[in-house]
Amino acid sequence: MAMSFGWKLHGDGKTLAPGEVVEPDERLTWPRTIGIGAQHVIAMFGATFLVPVLTHFDPSTTLFFTAIATALFLLINKNKLPSYLGSSFGFIAPIAAVATANKGLGVASFGILITGVLLALVGVIVHFAGAKWIDAIMPPVVNGAVVAIIGFNLAPSAWENFKGSPITALVTLLAVMLIGVLFKGMIGRLNILIGVLIGYAFAYFRGEVKFAAVEQAAWIGLPKFHLPQADMSVLPMFIPVVLVLIAENIGHIKSVSLMTGRNYDKQMGSALFSDGIGTMLAGLGGGSGTTTYAENIGVMAATKVYSTAAYWCAAAFAFILALCPKFGAIINSIPGGVLGGVTTLLYGMIGMLGVRIWVENKVDFSKNVNMMVGAVTMIIGIANFTFSIAGVSFNGIAIGSIAVLVMYHGLTAIGHATGSLPKDEAPAVPEAGDKDAISSK
């Protein structure tokens, strides 16, 4: 499949007839395409910037690498698969664990770097061997459990921010929730961004916003890059994120396939490889790890414009914003109360997305294997079981992710060997279906 930058103009480039869509290799007029590209940046803006704010990474640096990762994704996928790569929420918990251990952002970047390398390797394997083995290793009961504990494990962090300014946090939380149910279309999809803006304004009038760093920041300048610092002891906390990134990318491809009517299954490997390279580069330079974004799928669904040209415009727009340090300083000025309100919802939503994977894949919890695996994993993740071996520390997400794989496959094998779990009654392993619900950022 040859790569082409010669997008065909769809019709007159101005209007879409009922039932029409703008295909990935088409575009509207450039002003309209640029406008849609800006919508993509706005759509991913709220969630993407929460990751560096919560993890103390530089927002401008993170935005810089989302632009680079998006451009690389489009190039590697031969300009045929529309996607924006924003910040993955899967990295928040391991980065927080690194911070708790006082190891610094360089060590966290090392974890992000290795996660990217592993994801890229998975992409190479999938490209040549197909994705069936992923479904065998990570059936829905396993996949849902891993995604769930990554969200629920962060509950104490949300509460820590919330109790710092309960009134501001409550106003922010209510704003995000109400906007999500009161408005349809784009406004409803931007409930996180708009809710944070409302919470920010409320915090400002309460004197909780500090502008000193904003005033000192320059209007134009390079982001703050930093190199990774090798520390193998943190890898057990980051490796489980690979499972989440795999699920997010597969879900994105299936969703785009459904919307465009095109079969992108053969590009699963290149999509995973692309995201791996983007995450690896972010780890090398001080940005947060990347992933495909459900918010941008929402923009495509609303506009019926699947043109990759719009994503190139989005990447360019994000790149330009990344070169404005004052903009990044404004993002960093978001007070803790606002973060506490929005993360109370977001962290819970990540956890519930894991539950949604179980529901949509009809995981049968009347079967002992599924019930026991899910129950033990959730407790390990929520309670944040921890232990160390030879100086290597394992947190609840790492232990839970290892445990769910060992328990599921071990108990299933024992059940088959003893006959208590006949093979025709074993928990089903579905095809890599529509996992749009998986997006946890």
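A residue is termed buried under 20% relative accessible area, exposed over 50%, and partly exposed in between, for a 1.4 Å probe and protein chains only. By this criterion His40 is buried, at 0% relative accessibility. The model is predicted: local features need pLDDT of at least 70, side-chain atom pairs count only at pLDDT 80 or more, and totals for chains, interfaces and linings use all residues. Residues are numbered from 1 along each chain as its sequence is written, and side-chain values use heavy atoms, with hydrogens and water left out.

The protein contains 20 helices and 6 strands. Helices (H or I, at least four residues) and strands (E, at least two) are DSSP runs, numbered from the N terminus. The C-alpha trace spans about 65 × 50 × 45 Å along the principal axes.

Of the 441 residues, 56% are buried. Contact means heavy atoms within 4.5 Å. Among contacts between residues at least 6 apart in sequence, 81% join residues at least 24 apart.

The protein carries 25 positive side chains (Lys and Arg) and 22 negative ones (Asp and Glu), with His and the chain ends not counted. The centres of the two sets lie 4 Å apart. Each charge is placed at NZ of Lys, CZ of Arg, CG of Asp or CD of Glu.

His40 lies in helix H1 (residues 30-55). Leaving aside residues up to four places away in sequence, His40 touches Asn296, Val299, Met300, Ala310, Tyr311 and Ala314.

Gly287 sits in the loop between helix H14 (268-285) and strand E4 (290-292). Gly287 is also buried, at 0% relative accessibility. Its contacts, not counting residues up to four places away in sequence, are Phe57, Thr61, Thr62, Phe65, Ile112 and Ala282. Gly287 and Trp30 are 257 residues apart in sequence, and their C-alpha atoms are 30 Å apart in space.

The structure holds 0 disulfides (pairs of cysteine sulfur atoms within 2.5 Å). Cys313 is buried, with a relative accessible area of 14%. Cys324 also counts as buried, at 15%.
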